[in-house]
Amino acid sequence: MLEARALRKVFRTSVREEGLSGFLKSLVARRHREMVALEALDLVVRRGEFVGLIGANGAGKTTLVKLLAGIVPATSGEAMLLSRDSFHLRDEEKARLSLVMGQRSQLWWDIPAIDSFHLLREIYRVPRADFERRLARFAERLEVADKLEVQLRHLSLGQRMKMEIIGAFLHDPEVVFLDEPTIGLDLVSRETIRRFLVEHNQQRGATIILTSHDIEDIEATCKRLVILEKGRVIHDGDIVALAHELTSERLIEVHLEPAGVEPDLALLPLDEHSARLVGRGQHSLSFILPAARSQAFVRMLFERLQVRDLAVERRPLEDLVKQIFATGRVAGAGRKP
Amino acid sequence: MSTVAFEFARGPARLSRLVLRAAAWELRKVAAFRAGFWLKEVFRNLARPLVMVCVLMSASGLPQGVAGDGVSLQHAVAYMVVVALLEKLVFHDRCLDLSDQIFQGYVTKYFTMPFPYFVLPAGRFVQHIVLQAAIVVPAWTVLSLVVPAWCPPPADWSSAAMALCLVLLGSACFLLFYFTLHALAFWLDVVWTTLVMARMIALFCGGMVLPPMFLPERVQAAFAWTFPWWTVAVPVQLAAGSSEARADFGRGLATLACWLAALSILAALVWARGRRRYAGSGM
């Protein structure tokens with residue numbers, strides 16, 4: 001469905017030197033610098049997959065989406081979509097894909113969304129009956145049925161994003177790229193959008209590529225996680241394996257009596273419980289250890305420390321992602337290409 | 001998963017339908033705000049010719065009399081009034097927001113859609129012509145009945161048809177001209193300045209700033225090689241029943257057809273080159 005082979009993208013930007021002399025120099029001869037956004041990237045996405053794409057700012061995830069969706073050409077390597085070079089897609093292929101940009105509204109600001117939907121219907125040649133059926137269903141699921149005829153500028157951010165998503169799904173696309181669709185939205189809107197995407201993926205078998213900085217988006221929707229850093233894939237694996245990694249470990253937060261004696265951590269048998277200290281506050285300690293050992297570890301903590309409060313939690317996915325960023329790999333889940 | 005349950009007919013019928021739908025969409029956009037509609041659509045292109053009428057009337061009182069040399073003040077003013085009416089049909093650079101869309105990255109999504117982007121500017125063109133025609137026809141009729149000396153009606157139906165034909169072709173040239181300039185936003189960050197300067201020159205070449213009767217013949221002959229000349233200056237004379245202009249109609253058609261072809265090629269080239277350069281900003 002989607003394939004990137006040895007994909008490389010270099011952007012050329014002009015260098016603006018500081019000061020008056022720099023300004024004068026740039027008027028005569030401007031210097032340019034090449035920025036490598038993607039480097040030798042390989043990725044295969046099969047039909048029906050729901051792939052989460054994460055990475056720090058500048059990691060290359062949006063560039064990858066631009067290349068795969070055919071918005072910009074590759075510097076070298078191949079970006080294939082529906083068995084064709086992405087940058088040279090024909091109308092037949094374009095009709096089978098869709099793009100949602102969280103930071104750029106594509107519906108016209110001054111008119112109701114319904115008017116823009118009618119134009120989209122004509123562009124994608126959606127039969128009227130299908131259009132009306134889908135529009136009613138999506139609007140109802142996304143809870144904006146009564147907002148279709150309201151000027152877009154009068155809608156909230158969440159409602160506008162829901163309209164964007166309706167517009168993107170009206171032609172029943174086979175491949176959908178979503179670039180940070182929940183950015184800036186409240187919890188309820190996020191949850192509604194996530195549920196909609198998961199249902200659509202399961203019921204229609206659409207292939208969905210989701211980029212987000214919100215790890216909860218990825219956790220709630222994706223089956224596969226791809227992590228990019230500095231234009232390279234540093235992790236590509238099933239999110240279930242990651243979840244297994246998470247459920248097999250516990251995060252224990254201990255809050256100590258403020259008036260108590262300063263604990264001597266050297267006296268705690270951390271190795272014996274395969275635990276490691278991951279955080280230390282003024283009166284608090286955080287440990288990560290295998291779930292099976294948490295009960296004995298907690299007992300030991302109560303015996304040796306003046307514990308005021310204690311919490312045992314599943315390790316957050318965000319923690320694991322940070323670990324992947326730090327080490328470039330995660331044990332037992334995914335692979336580092 | 002249903003694959004796309006339709007096939008793309010690439011013929012002109014589909015594109016025409018799409019252009020009409022885009023025109024309806026554009027009409028909704030321009031009519032979204034009443035004040036904006038009146039100012040930007042109804043009164044579009046009226047201010048400058050009317051200011052020029054005032055300038056001519058004021059200058060005619062001077063000792064030298066700018067409207068001397070065989071040209072009556074009434075003739076010059078009537079010319080500017082008809083220019084004001086016909087110029088409303090001429091496509092304006094502010095009718096497009098392409099350069100802004102390129103700068104801001106709003107154009108990105110259209111690149112993933114199964115249609116040529118030019119359909120949207122074409123829809124805007126159709127909307128512009130239809131709306132402006134709906135304003136110009138009654139306005140010209142009323143003015144020619146009330147003040148026929150200052151706003152004469154077309155000499156006859158065939159003159160009016162010839163004038164309209166040239167105005168529409170010329171207006172299409174302006175669409176392509178402005179589209180190309182807007183598309184320079186793929187490279188430049190001074191597109192608005194370029195557009196303003198280009199528009200001023202184009203309007204001057206088309207006799208829309210100063211009546212051509214005040215220009216030397218050699219300058220008029222030079223302007224006759226440009227599309228703005230045939231878009232307004234000649235149609236105004238045609239509408240007035242000038243036999244010279246009628247004789248030049250064929251040359252006007254040929255000139256505009258050549259410009260249309262050349263500008264189409266230029267617009268397509270600039271668009272294709274710019275498209276390759278586009279970095280998808282804003283995503």
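A salt bridge here is a side-chain nitrogen of Lys or Arg within 4 Å of a carboxyl oxygen of Asp or Glu. By that criterion, the whole structure, which is a predicted model, holds 32 salt bridges over all chains. Side chains of opposite charge can pair when their charged atoms come close.

Two of these pairs are set out below.

| Salt bridge | N to O distance |
|---|---|
| A:R47 with A:E174 | 3.1 Å |
| A:D115 with B:R28 | 2.7 Å |

The pair of A:R47 and A:E174 links distant parts of the chain, 127 residues apart. A:R47 lies in the loop between β2 (31-45) and β3 of chain A, while A:E174 lies in the loop between α6 (157-169) and β7 of chain A.

**The sheet of chain A**

Strand β3 also belongs to an open sheet of 6 strands in chain A, ordered β6-β7-β8-β3-β9-β10, with mixed pairing. Which strands stand at the edges? They are β6 (97-101) and β10 (232-238) of chain A; each has a single partner strand, so one side of each is left without a neighbour in the sheet. On average, neighbouring strands of this sheet are turned by 15 degrees against each other, direction ignored.

Helix α2 (residues 61-68) of chain A packs on the sheet and touches β3, β6, β7 (175-179), β8 and β9 (224-229) of chain A. The direction of helix α2 makes about 135 degrees with that of β3(A).

Strands β3 (residues 50-55) and β8 (residues 207-211) of chain A run parallel and are joined by 4 bridges. A:V51 has A:I209 in β8(A) as its bridge partner.

**The contact between chains A and B**

Chain A brings 49 residues to the contact and chain B brings 40 residues. About 4400 Å² is buried between chain A and chain B, with 59% of that area from carbon and sulfur atoms. A:R104, A:I123 and A:R125 supply 16% of the area that chain A buries against chain B, more than any other three residues.

Between chain A and chain B there are 3 salt bridges, and one joins A:D115 to B:R28. The count of residue pairs in polar contact between the two chains is 9.

Which elements of chain A supply at least two residues each to the side that touches chain B? These are α2, α3 (91-94), β6 and α4 (113-124) of chain A. The largest share, 9 residues, comes from α4(A). By class, the side of chain A that touches chain B has 21 nonpolar, 18 charged and 10 polar residues.

Terms used. Residues numbered from 1 in each chain as written. Chains lettered and ligands numbered in written order. Predicted model: local features only at pLDDT ≥ 70, side-chain atom pairs only at ≥ 80, totals over all residues. Heavy atoms only, no water. Pairing = 2+ DSSP bridges. Axes fitted to C-alpha atoms, helices over the stretch in contact; angles between N-to-C directions. Contact = heavy atoms within 4.5 Å. Buried area = accessible area lost by both parts, 1.4 Å probe. Polar contact = N/O pair within 3.5 Å; in protein donor to acceptor, adjacent residues only side chain to side chain. Nonpolar A, V, L, I, M, F, W, Y, C, P; charged D, E, K, R; others polar.
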